[in-house]
Amino acid sequence: MSLNFSAIQGRLTRDVEVRRTGSGISVANFTVAVDRDVKGQDGNKETDFFDCVAWRGTADFVSKYFHKGSQIIVAGKMQSRKWTDKNGNRRVDWNIVAKDVEFGRKKGERSGSGDSNSGSSGSDSLTDVSSEDLPF
């Protein structure tokens with residue numbers, strides 16, 4: 001069995017680029033900036049940038065509802081693309097192929113703020129489970 005799963009949460013670095021293939025399938029490309037938990041030697045936050053691609057309905061959803069600066073949660077698989085540049089050097093690009101995309105918090109919104117527009121409902125709350133209830 002192999003496992004290939006990635007999940008990130010961050011902000012879009014630019015507006016989503018959406019195009020259609022020759023057969024009309026939507027493809028969206030976007031980059032997500034994710035702050036690291038630790039600061040660099042200079043004391044500033046370090047950030048990683050993840051290139052993402054979404055297909056079909058997910059691409060349409062991302063292009064309609066997300067724009068530069070939007071907080072986004074992306075789950076999917078890592079995929080590589082190998083190619084040779086114009087100087088003959090072998091290159092590899094990595095991106096996340098988005099399977100699930102969700103809204104992150106808006107700027108200034110705090111977790112658990114109780115705002116009815118935050119996108120969470122009481123049915124999503126965690127439930128205490130005893131160890132006897134677990135199947136393993």
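User: Which residue in strand 5 does Ser 6 stand opposite?

Analyst: Ser 6 stands opposite Gly 76 in strand 5, and Ser 6 itself is found in strand 1. This is a predicted model, in which local features need pLDDT of at least 70 and side-chain atom pairs count only at pLDDT 80 or more, while totals for chains, interfaces and linings use all residues. Residues are numbered from 1 along each chain as its sequence is written, and side-chain values use heavy atoms, with hydrogens and water left out.

User: What makes strand 1 and strand 5 a pair, and in which sense do they run?

Analyst: Two strands pair if DSSP finds at least two bridges between them. Strand 1 and strand 5 are joined by 6 bridges and run antiparallel, so they meet that definition. A strand here is a DSSP run of E with at least two residues, and a helix is a run of H or I with at least four, both numbered from the N terminus.

User: Why is Ser 6 called buried?

Analyst: Buried means under 20% relative accessible area, exposed means over 50%, and partly exposed lies in between, all with a 1.4 Å probe and protein chains only. Ser 6 has a relative accessible area of 14%, and therefore it is called buried. Leaving aside neighbours within four places in sequence, Ser 6 is in contact (heavy atoms within 4.5 Å) with Val 74, Ala 75, Gly 76, Met 78 and Ile 96.

User: Why is Gln 71 called buried, and what is its relative accessible area?

Analyst: Gln 71, which lies in strand 5, has a relative accessible area of 15%, so the label buried applies to it as well.

User: With which side chain does the side chain of Gln 71 make a polar contact?

Analyst: The partner is the side chain of Gln 9, at 2.9 Å. A polar contact is a pair of N or O atoms within 3.5 Å; within protein, one must be able to donate a hydrogen and the other to accept it, and residues adjacent in sequence count only if both atoms are side-chain atoms. Apart from neighbours within four places in sequence, the residues in contact with Gln 71 include Gly 10, Phe 66, Phe 103 and Arg 105.

User: How do you know that strand 3 pairs with strand 1, and how many bridges join them?

Analyst: There are 2 bridges between strand 1 (residues 6–12) and strand 3, which run antiparallel. In strand 3, Ala 33 is the bridge partner of Arg 11, and Val 32 is that of Leu 12. Ala 33 also stands opposite Phe 49 in strand 4.

User: How many bridges link strand 3 to strand 2, and how many link strand 3 to strand 4?

Analyst: Strand 2 (residues 17–20) pairs with strand 3 in the antiparallel sense over 4 bridges, and Glu 17 stands opposite Asn 29, while Arg 20 stands opposite Ser 26. Strand 3 and strand 4, also antiparallel, pair over 10 bridges. The hairpin of strand 2 and strand 3 has 5 residues between the strands, and Gly 24 in that hairpin takes a positive phi near 90°. The hairpin of strand 3 and strand 4 likewise has 5 residues between them, with Gly 43 in the turn showing a positive phi of about 90°.

User: Where does a residue other than glycine have a positive phi?

Analyst: Arg 56 does, with phi near 55°, and its place is in helix 1 (residues 56–65).

User: How many helices and strands does the protein chain have, and what pattern do they follow along the sequence?

Analyst: The chain has 1 helix and 6 strands, which read β-β-β-β-α-β-β along the sequence. Of its 136 residues, 24% are buried.
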